[in-house]
Amino acid sequence: MGTNSSNAELPRRLPPPKMGERITVLSIDGGGIRGLIPSVIIASLEKKLRELDGPNARIADYFDLIAGTSTGALIATMLAIPEKGKKRPIAAEEIKKFYVDNGPKIFPPIK
């Protein structure tokens, strides 16, 4: 992907798909605290993509659609929506950290 010379913070985006072309979809399953599992996998994938395309690469740069159910929808939103006051979504590693730090408070154990 690389970076756009006019704005070093934003990677170069691919043009939208044309009718009949393939689109890429990331679908993330729900499951409460088990959202930690896809967040770890996605963080690992994003790390590899950063090695190839630079430190500003984000999962959202590689998928046309990101969706999920329940906690998967929360992860999808965090992957796709820019942080307040910024132009880029948070890194997937931050989502993993969010689940580790806040998961027990949000999803208390069943007694």
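Q: What is the relative accessible area of Phe-98?
A: Phe-98 counts as partly exposed. That class lies between buried, under 20% relative accessible area, and exposed, over 50%, with a 1.4 Å probe and protein chains only. The relative accessible area of Phe-98 is 31%.

Q: How many helices and strands does the chain have?
A: This is a predicted model, in which local features need pLDDT of at least 70 and side-chain atom pairs count only at pLDDT 80 or more, while totals for chains, interfaces and linings use all residues. Residues are numbered from 1 along each chain as its sequence is written, and side-chain values use heavy atoms, with hydrogens and water left out. Helices (H or I, at least four residues) and strands (E, at least two) are DSSP runs numbered from the N terminus, and along the sequence they follow the pattern β-β-β-α-β-α-α. The secondary structure therefore comes to 3 helices and 4 strands.

Q: What share of the 111 residues in the chain is buried?
A: The chain has 111 residues. The buried residues among them make up 30%.

Q: At roughly what angle do the axes of H2 and H3 cross?
A: Two packed helices are described by the angle and the distance between their axes. Axes are lines fitted to C-alpha atoms, for helices over the stretch in contact, and angles run from 0 to 180 degrees between N-to-C directions. The axes of H2 and H3 come within 10 Å. Their crossing angle is roughly 140°.

Q: Which residues of H3 does H2 meet?
A: Contact means heavy atoms within 4.5 Å. On the H2 side, the residues are Thr-71, Leu-74, Ile-75, Met-78 and Leu-79. On the H3 side, they are Ala-92, Ile-95, Phe-98 and Tyr-99.

Q: Where does Thr-71 lie, and which residues does Thr-71 contact, leaving aside neighbours within four places in sequence?
A: Thr-71 is found in helix H2 and counts as buried at 1% relative accessibility. With those neighbours left aside, its contacts are Asp-29, Gly-30, Gly-31, Gly-32, Gly-35, Tyr-99 and Phe-107.

Q: Which residues form one aromatic cluster?
A: Rings of Phe, Tyr and Trp (its six-membered ring) pair if their centres lie within 6.5 Å; planes under 30 degrees apart count as stacked, over 60 as edge-to-face and the rest as tilted. The rings of Phe-98 and Tyr-99 have centres 5.7 Å apart and planes at 85°, so that pair is edge-to-face. The rings of Tyr-99 and Phe-107 have centres 6.5 Å apart and planes at 5°, so that pair is stacked. The one aromatic cluster is formed by Phe-98, Tyr-99 and Phe-107.

Q: What is the phi of Ser-70?
A: Ser-70 lies in the loop between S4 and H2 and counts as exposed at 57% relative accessibility. Although Ser-70 is not a glycine, its phi is positive, at about 55°.
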